[in-house]
Amino acid sequence: MSDAPPLFDRIQAAAAAVRSRAAMTPDLAIILGTGLGGLGREITVKAEIPYGDIPGFVKSTVESHAGKLLLGTLEGRSVVAMSGRFHRYEGYSMAEITFPVRVMRALGAQTLVVSNIAGGVNRHFAPGDLMVIEDHLNLMGDNPLIGPHDERLGGRWPDLCRCYDPSLHRMVLDLGRAAGLRMQTGVYAAMTGPSLETAAEYRMLERIGADAIGMSTVPEVLVARHGGMRVLGVSVITDVCVADALQPADVGEIIRIATETEPGLTKLMRAAIATMGKT
């Protein structure tokens, strides 16, 4: 048997370590995935805490992920933001990947805003589109809620029929279209990676209803919903993943598209956060 303290106690210890560096109660949590790093620079930062200083946080090994927790204000809202996330393909467990979301919830966050880059499985999508996530497919073969149950963290069988908040979804779509951004809506499919999918796998994903494919987001969303948080998710479509038009992936081109799309997404998220504060 493990001698590790219960998950609830580890969450509280991490939250206490964060509070010792920033005496504030955030009401909004943000995961600054690839394509939304610019939003972190818009935060009026009161505290910047390296992940290594927070008990229970692991190290982000992805070069484009900074690996620090930001606490401050944005558009009049008190926020806590992850500058860099963790992935299953880095070798981390689902519990390790999602631990920061548990901590942000314990700090007081009521809403989670999450972004990612994704391949477009939907034939009508193009690189540079923004897809507001309306639902997801968990194809990672695992779930962060597996294990001993603690009612203090949420119910045993959380319902996911409205996993992504419909009102936030509609609000962001309207804001994006009004700003002239190329907005889409659809289903995000999560797989473990790090290898990209085969043509046969993309064909399968299209047939089962996926609009975009990526390697993150779903574990964090599951834990957020387990804790009663509202969720808003947006994907930056960086490449075409249609089986009968498949070309070898160009990682440099994917990053270029994400970088070019970042200013528009940052502006959209600022507008969305400002609007949330008025409702």
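Visitor: How many bridges join strand 5 to strand 9?

Guide: This is a predicted model. Strand 5 and strand 9 run parallel. One of the pairs sets Ile117 against Val236 in strand 9. The bridges joining the two strands number 10.

Visitor: Which residue in strand 5 does Ile30 stand opposite?

Guide: Strand 1 (residues 28-31) pairs with strand 5 in the parallel sense, over 4 bridges. Within strand 5, Ile30 faces Val113.

Visitor: How many residues of strand 5 are buried?

Guide: Strand 5 has 10 residues and is mostly covered. Strand 5 also belongs to what covers the buried residues of helix 4, along with helix 7 among others. The buried count for strand 5 is 9.

Visitor: Why does Thr261 count as buried?

Guide: Thr261 is found in helix 7, residues 251-276. Outside its sequence neighbours up to four places away, Thr261 touches Gly128, Leu130 and Val236. Buried means under 20% relative accessible area. Thr261 therefore counts as buried, as its relative accessibility is 11%.

Visitor: Which residue has its backbone oxygen 2.7 Å from a polar atom of the Thr261 side chain?

Guide: A polar contact needs N or O atoms within 3.5 Å. The side chain of Thr261 has a polar atom 2.7 Å from the backbone oxygen of Ile257.

Methods. Residues are numbered from 1 along each chain as its sequence is written. This is a predicted model: local features need pLDDT of at least 70, side-chain atom pairs count only at pLDDT 80 or more; totals for chains, interfaces and linings use all residues. Side-chain values use heavy atoms; hydrogens and water are left out. Buried means under 20% relative accessible area, exposed over 50%, partly exposed in between (1.4 Å probe, protein chains only). A polar contact is a pair of N or O atoms within 3.5 Å; within protein, one must be able to donate a hydrogen and the other to accept it, and residues adjacent in sequence count only if both atoms are side-chain atoms. Contact means heavy atoms within 4.5 Å. Two strands pair if DSSP finds at least two bridges between them.
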